[in-house]
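Please look through the structure below with these notes at hand. They are numbered so that each can be checked in turn.

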Amino acid sequence: MALPMTQVATTEGQSESSKKPNPMSFVKDVCVVGGCGRVGLPLAMGFARVGLKVAIYDINQKAVDTVNSRVMPFFERGAEELMATLSLEQMTATTDLDIISQAEHVVVIIGTPVDEHLNPGFSSFTKFIDSIGPKLVDGQMVILRSTVYPGTTARTQELIARYNPNVDLSFCPERVAEGLALEEISSLPQLVSGTSDQAVKRASALFSKLNTKILELSPLEAELAKLFTNSWRYIQFATANQFYMLAQEHGLDFYKIYNAMRWEYPRTQGFPKAGFAAGPCLFKDTMQLASFSDNRFFLGHSAMLINEGLPQFIVNDLKEKVELGDKTVGVLGMAFKGNIDDARSSLSYKLKKVLEFQSREVLCTDPYVRDEALKPLEEVVERSDILILGAPHRVYKELKFPEDKIVVDIWNFFEN
Ligand SMILES: NC(=O)c1ccc[n+]([C@@H]2O[C@H](COP(=O)([O-])OP(=O)(O)OC[C@H]3O[C@@H](n4cnc5c(N)ncnc54)[C@H](O)[C@@H]3O)[C@@H](O)[C@H]2O)c1
């Protein structure tokens, strides 16, 4: 990385006032980097909705064109309607990196996956900062919003300071759930942290515009709060899945026990149902925490083994009961959870792979996921001997299955 020597500096000893933004010099209030993504786009739209001038910088040209033509690239509740009301003046997307220099706040929400060894990698983030670094200008504020490995904000501060010490840095984790993003952007409290008091103040001021409640933490606390949140959810799902498997292995009806546990008993009300716990966040955030704990996060690793083992368990369980090799199996719902169109890291696809090895034929369907290999629902129901619910989409609720079909419903979705 070649840096002009005059720009190599640290923030130490620098007066807060030297970083003061001059809003007059910025054409945009916010630039959302990675703003065509699943959580970046609802956030950009949320800022535009409250009257801020928003730019989106994204490397995906196709998605940029789609957004600028005011079409949603994916499903998000209420987004199509909101999109239709936003002018290009209010929100515009581009692949031109120069847009970064034009925004007072640069909110970064690019993907942060773990690698094939389940470890987070910092090099792609370093490369990313190197790409935007030369575009950062005095008085700007960078807000990290991607879920990051603990310590990333502190490291990023050092990287950014090499390019421009007069830039504030904050970490404000995104905690919305896909499908509910536009509501939750304004209803969930925002955790705000920064590498200086001024950074915290500025980030708080920005998120207050979304009408959120603000809670201040240190960067490391905020990074861990996000990872703890997702890991905790992942562990809860794993607990339900482990209990489901235990009950099944003993020939018992898990939901009879589940309902008994929860009946008029306040302390078990939050207990989740069994089901596929997957998607682009819970697994990888749990693995980020495992890596941070020097691989001594035993609960996290156990949760991963349980949740990821559920498709194989379902198939093994079926094999105990029927001659699976003779059977056509249908999977209903390929998204990673109900009522969305996102199939990233979906366990329905893992189930499909296991079934392809064990059964005669596998037919998959989903009303939302775009995948040419999927079949219409009616065909899957008609041709399959066994139907396995992969994602509990609301539209399946009223389905009635012919008596001769075996239906596997780990959510107990069809019963309630
Ligand atoms: N999906 C969720 O429900 C969710 C919820 C909370 C937090 N998060 C976190 O938010 C982050 C983004 O997740 P996502 O699901 O929106 O991912 P995504 O893949 O849908 O979106 C990422 C976007 O960033 C763009 N991008 C990638 N590299 C870029 C670069 N160098 N410059 C500019 N744009 C770039 C991609 O083209 C894409 O549009 C992740 O860190 C994730 O953990 C996700």
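1. Three salt bridges are counted between domain 1 and domain 2. A salt bridge here is a side-chain nitrogen of Lys or Arg within 4 Å of a carboxyl oxygen of Asp or Glu. The two domains are residues 5-217 for domain 1 and 245-408 for domain 2, with bounds that come from an automatic or database domain assignment.

2. A word on the basis of these notes. This is a predicted model, in which local features need pLDDT of at least 70 and side-chain atom pairs count only at pLDDT 80 or more, while totals for chains, interfaces and linings use all residues. Residues are numbered from 1 along each chain as its sequence is written, and side-chain values use heavy atoms, with hydrogens and water left out.

3. How far apart do the C-alpha centres of domain 1 and domain 2 lie? The distance is 35 Å. Across the boundary, 18 residues of domain 1 are in contact with 18 residues of domain 2, contact meaning heavy atoms within 4.5 Å. Between them the domains bury about 1400 Å², and 52% of this is on carbon and sulfur atoms. Buried area is the accessible area (1.4 Å probe) that two parts lose on being put together, summed over both.

4. By the salt-bridge rule the count comes to 17. One of these joins R38 and D342, whose closest N and O atoms are 3.6 Å apart. R38 lies in the loop between strand 1 (28-33) and helix 1 (40-49), and D342 in the loop between strand 9 and helix 12, so the pair ties together parts that are 304 residues apart in sequence. Helices (H or I, at least four residues) and strands (E, at least two) are DSSP runs, numbered from the N terminus.

5. Are R38 and D342 buried or exposed? R38 is buried, at a relative accessible area of 18%, and D342 is buried too, at 2%. The cut-offs are under 20% relative accessible area for buried and over 50% for exposed, with partly exposed in between (1.4 Å probe, protein chains only).

6. R38 also forms a salt bridge with D341, where the closest N and O atoms are 2.6 Å apart. Which residues make up the network of salt bridges that includes R38? R38, E178, D341, D342 and R344 are linked in it.

7. Another salt bridge is formed by K350 and E308, with 2.9 Å between the closest N and O atoms. K350 is in helix 12 and E308 in helix 11 (residues 298-321), so this pair links distant parts of the chain, 42 residues apart. K350 is partly exposed, with a relative accessible area of 33%, whereas E308 counts as buried at 19%.

8. E361 and R383 form a salt bridge as well, their closest N and O atoms being 2.8 Å apart. E361 belongs to strand 10 and R383 to helix 13 (residues 377-383), and the pair links distant parts of the chain, 22 residues apart. E361 counts as partly exposed at 31% relative accessibility, and R383 counts as partly exposed at 35%.

9. Two strands pair if DSSP finds at least two bridges between them.

10. Strand 9 (residues 328-332) pairs with strand 10 in the parallel sense over five bridges. T328 has E361 of strand 10 as its bridge partner, and L332 stands opposite T365 in strand 10. Why is strand 10 described as largely enclosed by the rest of the structure? Four of its five residues are buried, so the description follows from that count.

11. Two backbone angles deserve a look. Most residues other than glycine have a negative phi. E264, not a glycine, has a positive phi of about 50 degrees. E264 is found in the loop between helix 9 (254-262) and helix 10 (282-292), and is exposed, with a relative accessible area of 70%. N339 also has a positive phi, near 65 degrees, and is found in the loop between strand 9 and helix 12 (347-358).
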